[in-house]
Structure formats: structure tokens, C-alpha cells
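Take a look at the sequence and the model below.

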Amino acid sequence: MRFIRKILIILLFASANLLFAQEELPVQRWYLGLSIGVGTMDMNSNSIDLNVINHTNPVGGIFVQYQLNEQLSLRLGAEFDKREFGLQLGYQGMRYDDTSTYVCYSCSYEYNITYSNYYLTFPLLFQYSKSTNKFAFNFKGGLYYSFLLSSYQYGYEELYIDPVEGLPFYHLDNNIEPGLFRIVYRGETENIINTYDAGIMLGIGGTYVLSNKMAILLEGNMQVGFQSVFLNPTMINLMHRSFQLRGGLIYRLNLNRIRQ
């Protein structure tokens with residue numbers, strides 16, 4: 001019996017050594033993704049006189065995803081992010097100053113400018129996934145940081161001083177002249193839009209597995225910025241907020257290495 005027991009022990013150790021000597025493929029954890037879609041601005045002004053015109057803009061980029069465990073993953077992306085919006089302001093009837101009792105009802109002021117801003121955005125997100133067969137439902141949240149690449153403006157600013165009703169203004173200020181004055185804005189901005197933005201990103205989505213390496217995704221995100229859109233202190237305090245809808249692909253990277 002002792003001899004048989006020794007033989008069994010030797011065979012057990014030999015089998016274990018053979019198992020460890022075989023090739024081992026670790027669990028696949030790295031994924032590469034591509035997404036593209038649109039983002040709709042959702043910004044509002046606290047001023048009742050100023051109207052913010054929110055535009056829908058393209059957004060897209062790539063990301064790498066690391067699977068921490070079966071349900072939790074970490075995602076880092078680099079995205080092109082266009083943020084275009086307009087500002088409209090108009091007055092009909094003007095006072096020389098806030099304390100003036102005289103009103104020039106035929107005098108008017110109008111401001112109508114659109115800003116087109118292009119950012120490079122880096123989101124860092126945690127994602128929770130729940131899988132059922134080929135479908136997976138995702139919930140994600142984290143932070144983003146954006147660099148301003150370029151900014152452009154186009155529109156006009158217009159002031160009309162009526163030659164008759166504006167006469168009291170001329171007596172108060174020799175620099176005021178009657179007539180229509182119009183400034184046209186077209187081209188790149190300078191010291192107007194903030195050079196960076198940071199905030200939170202939240203989203204939900206889903207994926208459908210096409211093969212053992214490829215899946216398609218559809219997701220909706222919300223971005224909320226903590227930094228004022230405008231760098232110029234004379235401008236209003238306006239915070240970035242947008243909603244995004246995206247589609248894309250996720251590819252499982254073959255980064256496994258044979259271990260002896």
C-alpha cells in the first residue's frame with residue numbers, strides 16, 4: 001500500500017507540473033472602441049433679456065477600455081467635440097443711463113452672434129455592465145477635461161439712435177451721434193472663449209455582440225461643465241451643458257501572452 005501511495009503521489013505531482021507547463025491564456029481585459037454621434041447644447045442664461053440659441057453639433061472619437069472585473073471597467077477616451085451656440089439680445093426703447101427718466105422709443109440695440117468652438121475632450125469614466133446573452137446594458141460616469149482648439153464667431157451688433165427722439169442724448173454726451181451703427185463679427189475669436197473646460201459625464205447605453213471580438217454600441221451621455229464658457233469677464237457667466245447620442249464599435253484586443 002505504501003508503494004502504491006508513493007506512486008499516486010508521484011503521478012499527482014507529475015500531473016500538476018504538466019498542467020502548469022501548458023500554455024495559459026489570461027482573461028482578456030483590453031478593448032478598443034470608436035464612437036460617433038451628435039451633441040445638443042442645453043445652456044441657459046439667467047438674464048431675461050438674453051436668449052441662448054442651442055445648436056446640435058458633431059462629436060466623436062476613440063477610447064480604450066480596461067475590464068477590472070466581469071461587470072466593472074475603466075474607460076479613457078480622446079474626442080473631437082464641437083460646441084456651437086448663439087446669443088441674441090434686443091432692446092426697443094433706450095435710456096441714456098439707468099437713472100434717466102427720458103426714453104427714446106425709436107432707439108434700439110440688437111446683438112446676434114454665433115460662436116463655433118472646437119475642443120479636444122478626454123473623458124475618464126467608470127462603467128458598470130449587466131449582460132444577458134448577446135446584449136449588455138451599461139451605466140457609466142466620471143470626469144472629462146477639454147482643451148479649446150479653435151473658436152470662431154459670426155454675427156453683428158447694431159445700435160440705432162433716432163435723429164429726433166435722440167436729441168436729449170446728444171445734449172448729455174457729445175460723443176453720441178444719430179444714425180445706424182453696425183459692427184459685423186466674422187472670424188476667429190480672441191480672449192473671448194475659455195481655453196479649457198472640465199466637468200462630469202454621465203451616461204447609459206447598450207452593446208450587442210457580433211462576434212467573439214466585435215460588438216456594436218449605442219449610448220446617450222450628459223455633460224455638465226464646472227467652468228464658465230467665456231474667458232472675458234465682461235461676458236455673462238454661462239456654463240456648458242449638453243446631451244449626446246452616439247453609436248459605434250468595440251473591438252477586443254488580442255493582447256494575451258503565452259506563459260510557461
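**Spaces, core and confidence**

The second largest cavity has a volume of about 60 Å³. A cavity is found on a 1 Å grid over the protein atoms alone, as a set of points where a 1.4 Å probe fits but cannot get out. Grid points are joined across faces, edges and corners, and the volume is the space filled by probe spheres set on the points. Lining residues have an atom within 4 Å of a point.

This is a predicted model: local features need pLDDT of at least 70, side-chain atom pairs count only at pLDDT 80 or more, and totals for chains, interfaces and linings use all residues. Residues are numbered from 1 along each chain as its sequence is written, and side-chain values use heavy atoms, with hydrogens and water left out.

Which residues line this second cavity? Among them are S35, F63, R75, K140 and R246. By class, the lining holds four nonpolar, three polar and five charged residues. Here Ala, Val, Leu, Ile, Met, Phe, Trp, Tyr, Cys and Pro count as nonpolar, Asp, Glu, Lys and Arg as charged, and the others, Gly among them, as polar. Strand β4 gives the largest share of this lining, three residues. Helices (H or I, at least four residues) and strands (E, at least two) are DSSP runs, numbered from the N terminus.

The model has four cavities of 30 Å³ or more.

Now turn to the open spaces. A pocket is an open set of points with protein on both sides within 12 Å along at least five of seven lines. The largest pocket has a volume of about 630 Å³. It is lined by 29 residues, with Y31, Q67, S131, A136 and V209 closest to its centre. β5 gives the most to this lining, with four residues. The lining divides into nine nonpolar, 14 polar and six charged residues.

Next comes the core. A nonpolar core is a set of buried Ala, Val, Leu, Ile, Met, Phe, Trp, Tyr and Cys residues joined through side-chain atoms within 4.5 Å. Buried means under 20% relative accessible area, exposed over 50%, and partly exposed in between (1.4 Å probe, protein chains only). The largest core has 23 residues, and F85, L87, Y115 and F230 touch the most other members. β5 gives the most to this core, with seven residues. L87 touches residues including L50, V52, Y115, F230 and L238, not counting those up to four places away in sequence.

Now zoom in on A78. It sits in strand β4. Is A78 buried or partly exposed? It counts as partly exposed because its relative accessibility is 29%. Its C-alpha atom is 4.8 Å from that of F122, 44 residues apart along the chain. Beyond four places in sequence, A78 is in contact (heavy atoms within 4.5 Å) with G61, I62, T121, F122 and P123.

How confident is the predictor? pLDDT is its confidence in each residue, from 0 to 100. The protein averages 85, and 85% of the residues score at least 70. Confidence is highest in strand β3 (residues 56–67), at a mean of 96, and lowest in helix α1 (residues 2–21), at 42.

Definitions and conventions. pLDDT = per-residue confidence, 0-100.
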